[in-house]
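Open your viewer, keep the selection tool handy, and follow along stop by stop.

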Amino acid sequence: MKQHFFYTYPAINNALSKVNQTINDRITIKNPQLHDVLQQMASNGGKYLRPAFFLLFANINHQTVAEQEKLIKIASSLEVLHMATLIHDDIIDDSPKRRGAVSVQAAFGKDTAVYTGDFLFTIFFDLLVEAMTGSPYLTRNARTMRKILTGELGQMDNRFDLSQSLLDYYRNVNGKTAAIFSLAAEEGAYFGHGDRRTINLAKRIGQNIGISFQILDDILDYSGDERLNKPVLEDLATGVYSLPLLLTLQNHRHELEPLLAKKRQMTIEDMEKVQKIVVTHGGVKQAQEIATKFTQKAQTEIDELADKHTRKMLKLVANKLLTRVN
């Protein structure tokens, strides 16, 4: 199955192809239909952003063959972890599609999807043990996984909560999305033999890009595009009040509250009214401006990196992330 990456990374495309192959080799489930769905999920529509960040910071092309093999396993672990969280997200959100195809939970039921996500977690740990024995980053990965789950639980606790604050939102985003971007960049710099300053810079860069990435994804919920596999108003329907809506609530609660109070009884017409209010009062524009600030902060930090080629590639990726809703 041919991999079509959402973005092009000329310096690491070969490495990303090996990551994709490694993941497909590890997905060995007796159920042939489920096996095919997982391979399709791994190969169709995946941006491979997290492995890409890791590989760019690790400077994989400057490593020995043995080191490259280890880096491919670590990069693969990041995407497998991401895939597992996506499957579990789809169960919670009852999403019919993922990456342009039928989701695992829609095709096989929630019980099979839960076990499939858990199965991917075992692959994640297998890859880590093989590549990181004796490394402090075994613990770092465990803590990151806990942070991701804490962010997801925080978001669940805030469903349909009109009193949710911006601080609550950023705390959840730092966990469920930014944590894995931050990990990918940080451990890429570490396994790429970067010094402590570079590792800390990488961690901050990954965090800021991760936050920006999630905000832009939130914006797509109010101006979605089927080409990006982001159905319009999907989050709103499940009670996830993302940044554009939270910003609009600050000054236009009287317009939104009667609609949002209906919770799961909201009709499509109700949700479209919410969408219009958010867009009309500048919620999407404000969120875009905030995403831009996080991206610019990351770009400023990228400028502090010593490696010129890494700076160039990371800025290219950051710019493409910023413009994906324009």
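Throughout this tour, buried means under 20% relative accessible area, exposed means over 50%, and partly exposed is in between (1.4 Å probe, protein chains only). The model is predicted, so local features need pLDDT of at least 70 and side-chain atom pairs count only at pLDDT 80 or more, while totals for chains, interfaces and linings use all residues. Residues are numbered from 1 along each chain as its sequence is written, and side-chain values use heavy atoms, with hydrogens and water left out.

**Stop 1: R204 and E301**

Select R204, which is partly exposed at a relative accessible area of 38%. Its salt-bridge partner is E301, with the closest N and O atoms 3.5 Å apart; a salt bridge here is a side-chain nitrogen of Lys or Arg within 4 Å of a carboxyl oxygen of Asp or Glu. E301 lies in helix α13 and R204 in helix α9, so the pair ties together parts that are 97 residues apart in sequence. Helices are DSSP runs (H or I, at least four residues), numbered from the N terminus. E301 counts as buried, at 7% relative accessibility.

**Stop 2: E304 and R197**

Now pick E304, in the loop between α13 (283-302) and α14 (308-322). Its side chain meets that of R197 in a salt bridge (3.4 Å, N to O).

**Stop 3: α8 against α9**

Show helix α8 (residues 166-191) with helix α9 (residues 196-220): their axes come within 7 Å and cross at roughly 140°. Axes are lines fitted to C-alpha atoms, for helices over the stretch in contact, and angles run from 0 to 180 degrees between N-to-C directions. α8 and α9 are therefore oblique to each other, a label for angles that are not under 35 degrees (roughly parallel), over 145 (roughly antiparallel) or 65 to 115 (roughly perpendicular).

**Stop 4: R26, K73 and E130**

Which residues are linked with K73 in a network of salt bridges? Select R26 and E130 to complete that network. The side chains of E130 and R26 meet at 2.7 Å, N to O.

**Stop 5: two positive phi values**

Finish with F160, where phi is near 60°, in the loop between α7 and α8. F160 is buried, at 13%. K263 also has a positive phi, about 50°, although it is not a glycine; K263 is partly exposed, at 43%.
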